[in-house]
Amino acid sequence: MHAGHVISGSGHALLIGWLLFGSFSIPPEPAVEVTNVALVSNEEYAAMLAAQEPPGAATEVEAPEAPEADQAGTPEVSDMQDAQPEQAEPEVTETTEQDAAPEAPVAVPEPQEVTDTAPEIAPPSEDIAALPPEPRPEPDAAPQDVPRVAPQPVARPEPDVKVDEQVQQPAEQSEDAEVEQEEQEATAPEEATTEIVTEAEEEKSLAPSVSKRPQARPEVRQAAVEPEPEPEPEPKPEPEAQPDPKPEAPKQDEPDAVAAALEKALGGGESESETPAPSGPPLTSGEKDALRVAVSSCWNTGSLSSDALRVTVVVSVSMQEDGRPNGNSIRMVSSSGGSDAAARQAFEAARRAIIRCGASGYDLPREKYGQWRDIEMTFNPENMRIK
Amino acid sequence: MRHVTQLATAALTALAMLLPLGATAQDGPLRIEITEGVIEPLPVAVPNFVPETPAATEMASQIARVVTEDLVGTGLFREVPASAYISPVTSFSAPVQYADWKAINAQALVTGAVSKDANGRINVKFRLYDVFAGQEMGDGLQFSGTEAGWRRMAHKVADAVYSRITGEGGYFDSRVVYVAETGPKDDRRKRLAIMDYDGANTQYLTDSASIVLAPRFSPTGDRVLYTSYETGSPRIFVLDVASVGRRELPTAGGNMAFSPRFGPNGQQVVYSMEQGGNTDLYSMDVNSGQSTRLTQAPSIETAPSFSPDGSQIVFESDRSGSPQLYIMPASGGEARRISFGQGRYGTPVWSPRGDLIAFTKQNKGRFHIGVMRTDGSEERLLTASFLDEGPTWSPNGRVIMFTRETQGAQGQSSLYSVDISGRNLKPVRTDGGASDPAWSPLQR
Amino acid sequence: MSILPRAALLIAALALSACSTNDRFKNGSGTGAGAGAGAGAGAVVPGSANDPRSPAYFQQSVGDRVLFLVDQSSLTDEGRRTLDGQAQWLMTNTDYMATIEGHADEQGTREYNLALGARRANTVREYLVSKGISSARLKTISYGKERPIEICSEEACYAKNRRAVTVIAAGGLTS
């Protein structure tokens with residue numbers, strides 16, 4: 001009881017103190033103003049360009065937006081009905097400019113192409129099979145809350161293996177196209193699960209009924225690199241007739257024997273002679289799959305809004321002969337299913353995927369360069385929505 | 001017969017003419033379709049911002065820290081640690097060495113600079129780069145404000161980065177009002193508190209002399225509705241956040257008024273009022289104080305929440321025998337049930353994007369936070385625990401914050417957040433126990 | 001048939017009743033400290049729990065609370081017996097007002113439990129009115145799950161928290 005009085009008394013004292021001194025009154029939220037940054041003037045930019053040819057950052061050359069107008073604070077409004085923000089904060093009116101500012105000038109600068117189109121032609125080396133180290137699978141790698149979701153589960157790699165997007169072989173390309181054994185600087189795909197497991201679902205999997213979880217398979221090699229192998233390369237013949245009747249070409253996902261036979265027959269058949277590169281027969285379904293799988297492993301939709309995850313984008317890219325994408329050539333051909341803004345984010349994620357996983361060159365047959373010099377990739381995120 | 005053969009031949013010929021195109025060197029590009037990808041945090045590097053005046057040195061690194069924490073805290077980004085950097089960023093205007101950032105797999109790069117002018121105002125500017133594309137994403141932006149507001153400026157930088165990469169609005173420059181709790185379970189003291197979304201800058205809005213429950217922000221974030229026992233029985237109050245002034249809403253006629261929520265125009269409040277043991281929904285015009293009864297049922301109707309366009313209300317009712325979710329027009333009228341799963345459903349909250357409804361679900365002795373579409377389809381449970389309840393949406397509709405209470409005599413309440421995918425479940429930092437969070441809109 | 005089983009039954013019954021009175025006592029004094037304190041200070045009641053006219057007697061001997069089943073707001077037979085006693089007491093002690101507090105256990109959302117507590121309080125109120133108590137003397141309030149008296153997270157505690165407590169206060173004539 002005494003304690004009660006003390007508490008009550010001190011409570012009242014506090015209350016009175018509060019009433020007297022208003023110690024609860026909140027300092028108004030600090031105001032923040034927004035303006036666009038245009039730190040690099042045209043001249044500076046030009047000078048910079050001259051200095052070093054990869055124009056790097058300075059693609060943006062806008063004049064500064066209207067400087068922040070120092071607005072007088074709105075007087076404090078005590079009427080609570082008033083829907084206006086009472087806080088006397090100089091509101092951030094300029095914020096809108098960030099949207100209004102056209103993003104257009106970001107057009108890809110030409111000069112860069114020069115550097116990109118002068119590849120030193122390296123010896124063909126695409127035969128090196130990607131064989132990862134044998135990561136000892138965790139005893140029971142049931143899907144857990146792993147911050148990575150991939151088409152197939154990946155067991156937690158050995159602790160000393162560097163995490164990488166692709167199962168990657170040591171960089172030195174050994175001359176012998178032999179399958180290499182485990183090497184020093186080996187990398188393994190990051191641990192992944194096949195689907196997002198919420199806490200609620202984990203709950204279920206803890207239930208006594210032992211659900212058959214996919215055991216982490218020892219051939220992890222396939223894991224990150226191979227989404228569902230449903231080979232459907234869509235041969236899409238062009239409808240325009242060209243008076244060059246040739247024996248029928250088989251659908252591309254038919255056995256390679258036929259394709260191989262046809263390869264010979266069709267070998268130098270391409271009429272477009274503007275390209276000096278070998279054209280070769282069409283890619284086999286296996287070759288296409290390899291490319292698809294390679295791009296898939298870098299297509300990270302984890303940071304996309306749900307709007308962007310509704311957008312299918314078609315992206316074109318021209319490839320260098322060494323199998324690397326020409327970064328500046330990547331364009332959005334079309335998009336469907338969302339706003340322009342959502343499409344832009346979807347495109348950017350697609351672009352990152354193409355560039356990132358192509359950084360050391362896609363595994364494409366050089367003798368068929370003409371077949372894959374220009375690629376159109378459709379990124380359809382239907383399966384990637386909340387998993 | 002002959003005819004047919006001729007036709008067939010013609011067709012075959014035509015076919016033969018068409019086919020080679022697909023087979024030989026395409027003048028069309030090679031086409032592939034990518035339908036599988038990975039979902040993982042995007043590696044982002046946020047080097048310490050460059051202090052452009054000596055006085056800004058400490059703040060420059062603090063701001064970079066807050067930006068990093070904001071981004072990483074979403075679960076959508078991963079920090080590339082400074083120890084991995086190859087080239088330091090020493091000047092804001094120097095061109096970015098993309099190769100150096102590519103080499104360490106930093107996919108997004110945020111550079112910034114901080115200066116302090118003669119008046120003590122802080123200027124923060126930043127740029128965002130898509131490292132692998134080798135180009136800037138959008139224009140740089142500059143924020144200026146008082147020194148005390150440095151965290152807000154950091155949050156604004158993070159919001160801009162987040163929205164440029166993900167394509168949806170951010171939520172970092174926002175606040176949370178909640179009920180701060182102290183004391184044991186059978187003598188719990190409650191008072192209203194407000195803080196930044198990340199737990200910084202906590203301020204208390206009421207004392208703990210009487211029970212306060214379930215605060216809710218107005219659409220502009222300047223006012224808070226809540227339920228208080230300060231007059232003896234539960235009544236609805238509206239509190240002005242800046243002045244901390246409060247007044248009771250005139251919900252006369254009933255015994256007890258609670259569970260209020262603003263409509264999207266900030267003028268209308270929908271709430272529950274109990275009369276003779278029966279709880280129904282009412283709506284009030286805040287200016288006139290006039291209330292309209294929305295439901296007339298002998299069952300309990302509570303926890304109403306407006307659709308973002310203000311045309312509908314989702315609420316909880318036990319008219320079917322157990323608490324379930326219903327939607328009706330904002331003016332009352334025919335309600336349709338949307339929850340049909342096993343268990344009991346409560347505290348529905350319409351997402352700010354309008355597409356989902358978050359709710360509390362109780363089933364087999366466990367509580368869940370879940371989401372469903374507005375027609376009740378695609379129900380997904382995001383959490384499971386002894387007691388989770390009271391979801392509130394981040395301003396962009398991507399994250400849900402809620403109350404989690406632990407079991408037993410020592411049970412405590414605290415705040416948690418979870419991404420609507422069900423990932424990134426984590427506690428929200430508060431000073432002491434906390435319940436009933438309500439997320440503000442983005443600040444201006 | 002033998003005496004032994006009967007004795008055992010008797011002992012068991014005694015033990016049970018001792019148990020429940022003990023609990024009730026404990027609970028009663030528990031809330032008495034909070035809710036009853038004002039009444040005690042305002043109305044100078046000489047009698048303690050032994051004085052049949054005292055609120056303390058009401059709490060401990062008549063029984064100030066009824067319990068409810070999960071999610072229910074209807075009275076049990078035992079609850080009705082308790083309320084009959086309350087009604088009788090209120091009939092004889094007309095100076096007193098009563099506030100009926102409705103409570104819920106912690107299983108349930110805050111909002112729903114508030115409404116459920118109100119329902120329970122009102123059930124008690126209506127029962128007392130049906131027994132002849134003037135509705136003007138009876139107020140209700142719900143605390144939902146905000147004021148548990150037992151804090152464990154088990155049915156044993158929940159059962160005691162799902163309650164409606166009749167709190168007696170002096171001043172029937174003034175208001």
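This is a predicted model: local features need pLDDT of at least 70, side-chain atom pairs count only at pLDDT 80 or more; totals for chains, interfaces and linings use all residues.
Chain B has 444 residues, and 60% of them are buried.

Now secondary structure. Chain B has four helices and 32 strands. Its C-alpha trace spans about 90 × 85 × 45 Å along the principal axes.

How is chain B divided into domains? The assignment gives domain 1 at residues 42-166 and domain 2 at residues 175-439. Between the C-alpha centres of these two domains of chain B, the distance is 36 Å.

There is also a record to set beside that. UniProt, in an unreviewed entry, puts the feature "domain: TolB N-terminal" at residues 30-137 of chain B. In the model, that span is 21% helix and 31% strand. Its end C-alpha atoms lie 29 Å apart.

Over to chain C, and two helices. Helix α3 of chain C covers residues 77-92, and helix α4 of chain C covers residues 110-130. They pack with their axes 9 Å apart, at an angle of about 55 degrees. At that angle, α3(C) is therefore oblique to α4(C). Which residues make the contact? From α3(C), they are Leu83(C), Gln86(C), Ala87(C) and Leu90(C). From α4(C), they are Val124(C), Tyr127(C) and Leu128(C).

One last point on this pair: is the crossing left-handed or right-handed? For α3(C) and α4(C), the crossing is right-handed.

Note on methods. Residues are numbered from 1 along each chain as its sequence is written. Chains are lettered from A and ligands numbered from 1 in the order in which they are written. UniProt positions are given in the numbering used here, feature names are shortened, and annotations may be inferred rather than shown by experiment. Domain bounds come from an automatic or database domain assignment. A residue is buried if 20 or more other C-beta atoms lie within 10 Å of its own, exposed if 12 or fewer, and partly exposed in between; C-beta atoms are placed from the backbone. Axes are lines fitted to C-alpha atoms, for helices over the stretch in contact, and angles run from 0 to 180 degrees between N-to-C directions. Angles under 35 degrees count as roughly parallel, over 145 as roughly antiparallel, 65 to 115 as roughly perpendicular and the rest as oblique. A crossing is left-handed if the near helix is turned anticlockwise from the far one by less than a right angle, and right-handed if clockwise. Two residues are in contact if their C-beta atoms, placed from the backbone, lie within 7 Å.
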